[in-house]
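Please look over the notes below on the strand pairing and the helix packed with it. They are kept to the geometry.

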Amino acid sequence: MARHEHSAEVRLRSGDPVRTCIGCRQLAPAADLLRVVARQVQPDGWMVVPDPRRRLPGRGAWLHPDRKCLSQAEKRRAFGRALRVSGSLDTAALGSSIDSDLANEPHPQQSSTS
């Protein structure tokens, strides 16, 4: 399969593990992606939470920390398949985490001309 050959090629070049974003389906180094896991909050309800330290137990999925990839994953219903969870999935906590991370990113210095 070409996907495995490509992933091996990317891994050989970078030396880092390669994962696929469940939103955009693009291969990327694991360091560039956010790991997410499902946490059960009710008998039939699940919450998708970020795992930035990559230490939470359970099956994980990988996502670019970008609102666009989150929207694509929600639209395609990729979280349930990737995390192997049935029932309703709440991604609100993940969305707010991504938004706060984007808000806290350092912005380039604005050059001022006097």
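1. Basis. This is a predicted model, in which local features need pLDDT of at least 70, side-chain atom pairs count only at pLDDT 80 or more, and totals for chains, interfaces and linings use all residues. Residues are numbered from 1 along each chain as its sequence is written, and side-chain values use heavy atoms, with hydrogens and water left out.

2. Sheet. An open sheet of 4 strands has the order β5-β3-β4-β6, with mixed pairing. From one strand to the next the twist averages 35°. Strands (E, at least two residues) and helices (H or I, at least four) are DSSP runs, numbered from the N terminus; two strands pair if DSSP finds at least two bridges between them.

3. Antiparallel pair. β3 and β4 are antiparallel and share 5 bridges. A hairpin of 4 residues connects β3 to β4. Valine 36 is opposite proline 50 in β4.

4. Parallel pair. β4 (residues 45-50) runs parallel to β6, and 3 bridges join them. Glycine 45 has serine 88 of β6 as its bridge partner.

5. Helix. α4 (residues 92-104) lies across β3 (34-40), β4, β5 and β6, at about 15° to β4. Contact means heavy atoms within 4.5 Å; axes are lines fitted to C-alpha atoms, for helices over the stretch in contact, with angles from 0 to 180 degrees between N-to-C directions.
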